[in-house]
Amino acid sequence: MIRFFIDVFEGVGIALKALARNKLRAVLTTLGIVIGVATVILMVVTILGLNRSIANQFEFLGSNTIYVSKWTWIFGEGDWRSMMKRREMKVEYAAYIEQESQLAEAVTPFAQAMRAVKFRGGTISRLPVFGVDEDYLVTNSVKIELGRFINEQDCARNRQVCVIGYGVADKLFDQVPPVGQKLDVGGKKFQVIGVNEKMGRFFGQDMDNFVLIPIGAWQKTYGRRDDMDIIVKAYDGNQTEDLKWELKGIMRRARGLEATEPDDFGVNLQTMILDFFKAITAGVYTGGILIAFISLLVGGIGIMNIMLVSVTERTSEIGLRKALGARRWQVAWQFLVEAAVICSVGGICGILLAAGGSYAMDSFIKTTMPLWVVLLGIIFSAVVGVFFGLYPALKAARLSPIEALRQE
């Protein structure tokens with residue numbers, strides 16, 4: 001065992017000296033390994049960051065919620081023209097679903113429009129203004145930081161009150177306490193009753209810029225010209241699929257559809273977004289792996305080339321070692337360790353490059369580099385070194401000591 005570690009340390013030292021003697025050649029040789037490892041790690045940390053962002057977003061939206069809409073979420077497929085002819089959703093459907101459903105914990109209408117919002121001298125143009133009821137607090141897991149949320153009385157009396165996002169409070173109210181102030185929402189005055197807690201950004205989109213008002217006040221102000229959905233949350237996340245089919249039946253009865261008529265509405269699960277996202281990330285993984293494979297192949301060939309050159313340059317050294325009693329496997333082992341060290345150095349450089357790239361992306365996607373990714377990068381690059389260093393090592397091991405010494 002002691003001899004093993006001595007051989008490893010000797011091999012590492014020889015490899016580092018070889019790299020130091022030929023810096024430019026070493027840089028060019030390891031460039032493929034650097035790019036390959038950096039590509040793999042950047043791809044992994046990016047997708048980990050995306051997965052974390054998606055998971056956080058689902059937690060905010062509610063992982064067991066379903067959107068009943070005029071539209072079906074089909075992500076680029078399907079007949080949009082026929083969907084445009086569908087009837088609009090109505091607020092009354094929310095009450096009907098709440099009455100008929102056995103699996104729904106909460107049901108809320110969700111209307112949206114883009115309007116300018118003003119307070120004193122400040123203005124935010126084209127801000128999302130959502131019409132909801134008190135159950136939105138349950139369906140979307142809203143967390144209030146200041147004041148309170150819209151309640152049943154606000155909805156029943158169509159009160160002109162609103163809950164604003166953290167970003168709206170930050171931009172318009174500055175040092176003024178927002179709760180209790182009158183906010184101009186699309187030309188109408190709404191009293192601020194609450195401020196939502198900060199949620200941050202998602203895919204570069206600020207999630208803190210919105211205004212929530214009671215659905216009755218929303219319809220009274222904006223009518224039925226804009227899109228509306230109905231958000232339904234299941235009691236149990238495991239019953240989401242059952243709730244989907246229950247909602248289909250309820251909506252078909254509400255629409256008065258015959259058995260032979262197709263659905264003229266969409267029942268959309270958030271898992272559809274997740275499935276779409278997984279399909280995209282699978283494509284990214286495949287593309288990244290292909291690029292990394294090509295880079296590592298080029299890098300591995302470079303490693304093999306430099307090791308063959310090294311064997312040629314050190315033929316006399318090999319002959320001398322064999323003349324002094326070194327066995328074949330000891331010579332092969334030395335060159336294998338050298339190849340692994342050269343690739344590992346390239347792998348470490350690739351990890352540092354990926355760390356820089358990850359830091360640069362941090363403002364867009366929150367990324368972290370787990371320790372297992374770092375270790376994987378080093379081990380993988382070392383394996384590439386061993387694989388492509390095997391042929392030069394065997395060539396060195398098979399050299400005859402007499403012939404090797406004669407070449408000097």
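**Helix packing and cores**

Reply: Helix α10 (residues 270-313) and helix α13 (residues 371-397) pack at about 35°, with axes 9 Å apart. Axes are lines fitted to C-alpha atoms over the stretch in contact, and angles run from 0 to 180 degrees between N-to-C directions. Helices are DSSP runs (H or I, at least four residues), and strands are too (E, at least two), numbered from the N terminus. This is a predicted model: local features need pLDDT of at least 70, side-chain atom pairs count only at pLDDT 80 or more, and totals for chains, interfaces and linings use all residues. Residues are numbered from 1 along each chain as its sequence is written, and side-chain values use heavy atoms, without hydrogens and water.

Me: Which residues in α10 meet α13?

Reply: Among them are Leu296, Gly300 and Met307, and they meet α13 residues including Phe380 and Pro392. Contact means heavy atoms within 4.5 Å.

Me: What does Met307 touch beyond its neighbours within four places in sequence?

Reply: Met307 is in contact with Phe335, Glu338, Ala339, Ile342 and Pro392.

Me: How many residues has the largest nonpolar core?

Reply: It has 27 residues, and Met307 is one of those with the most contacts inside it. Such a core is a set of buried Ala, Val, Leu, Ile, Met, Phe, Trp, Tyr and Cys residues joined through side-chain atoms within 4.5 Å. Buried means under 20% relative accessible area, exposed over 50%, partly exposed in between (1.4 Å probe, protein chains only).

Me: Which helix gives the most to this core?

Reply: α12 does, with 9 residues.

Me: New topic. Is Arg120 buried or exposed?

Reply: Exposed, at 66% relative accessibility. Arg120 is in the loop between β2 (104-119) and β3 (122-132).
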